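Hi there,

Here is the structure I promised to pass on.

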Amino acid sequence: MSAVSEAAVGEGFPAFELSEADVVGLADELVAYHREFAELFFRREQRQWALTYLQGLLLPGRRKCAEGLALAVGEGKVREMQRFLGEGAWDDGAILARHAELVAASLGDGDGVLIVDGSEFPK
């Protein structure tokens with residue numbers, strides 16, 4: 001078990017093993033996913049920071065603050081990451097609509113239903 005999986009298992013996450021080829025493939029898929037939203041950002045810098053942010057969210061660990069993400073994948077540009085997240089101007093509605101389109105395309109079926117129910121957690 002790798003150090004990442006051992007740490008993740010210790011935090012209550014399932015263990016997983018990825019080969020280098022798996023990681024490269026996932027990186028390509030992330031870039032393709034980001035490309036679906038790129039035109040919805042008004043500036044080139046926003047598009048780049050959006051991809052950097054997505055990359056950071058996929059890193060191991062639970063804390064995903066702007067500073068930590070910027071230090072891990074944003075070339076240490078903490079202020080720029082904070083500015084992107086705090087002052088970035090984009091159309092939330094358009095991004096959510098695009099996300100819904102992608103979900104419908106990948107999970108949608110005329111004869112199917114997807115039910116998400118978190119009731120297995122004690123209340």
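Predicted model: local features only at pLDDT ≥ 70, side-chain atom pairs only at ≥ 80, totals over all residues.

Residues are numbered from 1 along each chain as its sequence is written, and side-chain values use heavy atoms, with hydrogens and water left out.

**The fold**

The chain has six helices and zero strands, in the order α-α-α-α-α-α along the sequence. Helices (H or I, at least four residues) and strands (E, at least two) are DSSP runs, numbered from the N terminus. The chain has 123 residues, and 19% of them count as buried. Taking contacts (heavy atoms within 4.5 Å) between residues at least 6 apart in sequence, 49% join residues at least 24 apart. The accessible surface comes to about 9,300 Å², with 57% of it belonging to carbon and sulfur atoms; such areas come from the Shrake-Rupley method with a 1.4 Å probe, and for residues only the protein chains shown count as cover.

**The core**

Which residues make up the largest nonpolar core? There are twelve: Phe37, Leu40, Phe41, Trp49, Ala50, Ala66, Leu69, Ala70, Val78, Met81, Phe84 and Ile95. Helices α3 (44-57), α4 (66-73) and α5 (78-87) each supply at least two residues of this core. By nonpolar core I mean a set of buried Ala, Val, Leu, Ile, Met, Phe, Trp, Tyr and Cys residues joined through side-chain atoms within 4.5 Å. In soluble globular proteins, nonpolar side chains tend to be buried together.

Not counting residues up to four places away in sequence, leucine 69 touches Tyr53, Gly56, Leu57, Lys64, Gly74 and Met81. Met81 also turns up beside glutamate 67, a residue of α4: these two are 14 residues apart in sequence and 7.4 Å apart in space, C-alpha to C-alpha. Glutamate 67 is partly exposed, since its relative accessible area is 44%.

In α5, Val78, Met81 and Phe84 are buried. They sit on the same side of α5 because they cover an arc of only 130° around the axis, the arc being that of the directions from the helix axis to the C-beta atoms. The cover over the buried residues of α5 includes α3 and α4. On the face turned away from the buried side are the exposed residues Arg79, Gly86 and Glu87.

**Salt bridges**

How many salt bridges does the structure hold? There are five, a salt bridge being a side-chain nitrogen of Lys or Arg within 4 Å of a carboxyl oxygen of Asp or Glu. Glutamate 75 is exposed, with a relative accessible area of 69%.

Another joins glutamate 45 and arginine 44 (3.6 Å, N to O). Glutamate 45 is partly exposed at 35% relative accessibility, and arginine 44 is exposed at 61%.

Arginine 98 counts as buried because its relative accessibility is 17%. Not counting residues up to four places away in sequence, arginine 98 touches Glu36, Phe37, Glu39 and Leu40. The side chain of arginine 98 also meets that of glutamate 101 in a salt bridge (3.6 Å, N to O). Both lie in α6, three residues apart, about one turn of the helix. Salt bridges that share partners join Glu39, Arg98 and Glu101 into one network.

**A surface patch**

Last item: Phe16, Leu18, Val23 and Leu26 make a nonpolar surface patch of about 360 Å². Patches are made of residues with over 30% relative accessible area and no salt bridge, with like charges joined within 9 Å and nonpolar side chains (Val, Leu, Ile, Met, Phe, Trp, Tyr) within 5 Å. Of these residues, valine 23 lies in helix α2 (residues 20-38) and is partly exposed, with a relative accessible area of 43%.

Best wishes

Notes
Buried < 20%, exposed > 50% of the residue type's maximum accessible area, 1.4 Å probe, protein only.
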